[in-house]
Amino acid sequence: MAPRVIVLGRQGAGKGTQCARLVAEHGIIHVSTGDMLRAAVAAGTELGQQAEAIMNSGGLVSDEIMNGIVAERLAEADIMENGVLLDGFPRTTGQAETLEQILADQGVELTATINIDVPLEEVTSRMMARGREDDTAEAIATRLQNYEDSTAPLLDFYAKRNKLVVVNGLGEEDEVFARVQGALAL
Ligand code: AMP
């Protein structure tokens, strides 16, 4: 069956980079909800208008909106055929529960959740260095706090389901990718 993989990790842990490597290696479809929202903002859609201020302040877009976007995307043919790498979703327990339901309705199983683990101090300095427009010091702090409050509980959620693998995200990109590959065994 086509793989369904969730990538967790603090913002700045290297999720995007590692996802790109997995896509290149396995032909799996990368779904980044952050990228989807940024595209909606750039296109000026209704979704983009709703999301922009929330994103700029480092807050979380509502579960209701996010669940709808992801449910639609996961039903598309390319994902049914090639599988999906979810990056940035789920971010809350409500989203994780919805995802579980979507996959059950599709008759498919979650392959694994991978946590790219990088300590808080390290991701803070990485994010300050990357200089993205929404990376103000305040927004970074809010996002990292959101992660600890809303997303870190998902580690437990997936560990309880025997679906969690943890990878040390410190070191060279190639080194981390080798660990990711070893942990996932796709
Ligand atoms: P990211 O590129 O994953 O860091 O996402 C950028 C921003 O988009 C986040 O700081 C949130 O404001 C919003 N966002 C992305 N994915 C989600 C999600 N699953 N739930 C809520 N907000 C999200």
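Colleague: Which residue lies over the face of F157?

Modeller: R161 lies there, 3.6 Å from the ring centre. The cut-offs for a charge over a ring: NZ of Lys or CZ of Arg within 6 Å of the centre and within 35 degrees of the ring normal. This is a predicted model, with residues numbered from 1 along each chain as its sequence is written. Local features need pLDDT of at least 70, side-chain atom pairs 80 or more, while totals for chains, interfaces and linings use all residues; side-chain values use heavy atoms, without hydrogens and water.

Colleague: How many aromatic pairs does the structure hold?

Modeller: One. F157 and Y158 form that pair, edge-to-face, at 4.9 Å centre to centre and 75 degrees between the planes. Pairing needs ring centres within 6.5 Å, and edge-to-face means planes over 60 degrees apart.

Colleague: Is F157 buried or exposed, and why?

Modeller: F157 counts as buried because its relative accessibility is 10%. Buried means under 20% (1.4 Å probe, protein chains only). Y158 is buried too, at 3%.

Colleague: New topic. What does N146 touch?

Modeller: G58, G59, L60 and T151, leaving out residues up to four places away in sequence. Contact means heavy atoms within 4.5 Å. N146 is buried, at 18% relative accessibility.

Colleague: What is 2.8 Å from a ligand nitrogen?

Modeller: An N or O atom in the T33 side chain. A backbone N or O atom of G88 is also 2.8 Å from a ligand nitrogen. The protein buries 95% of the 480 Å² that the ligand exposes when taken alone.

Key:
Phe/Tyr/Trp six-rings, centres within 6.5 Å; stacked < 30°, edge-to-face > 60°. Buried < 20%, exposed > 50% of the residue type's maximum accessible area, 1.4 Å probe, protein only. Polar contact = N/O pair within 3.5 Å; in protein donor to acceptor, adjacent residues only side chain to side chain. Areas by Shrake-Rupley, 256 points an atom, 1.4 Å probe, with all protein chains shown as cover.
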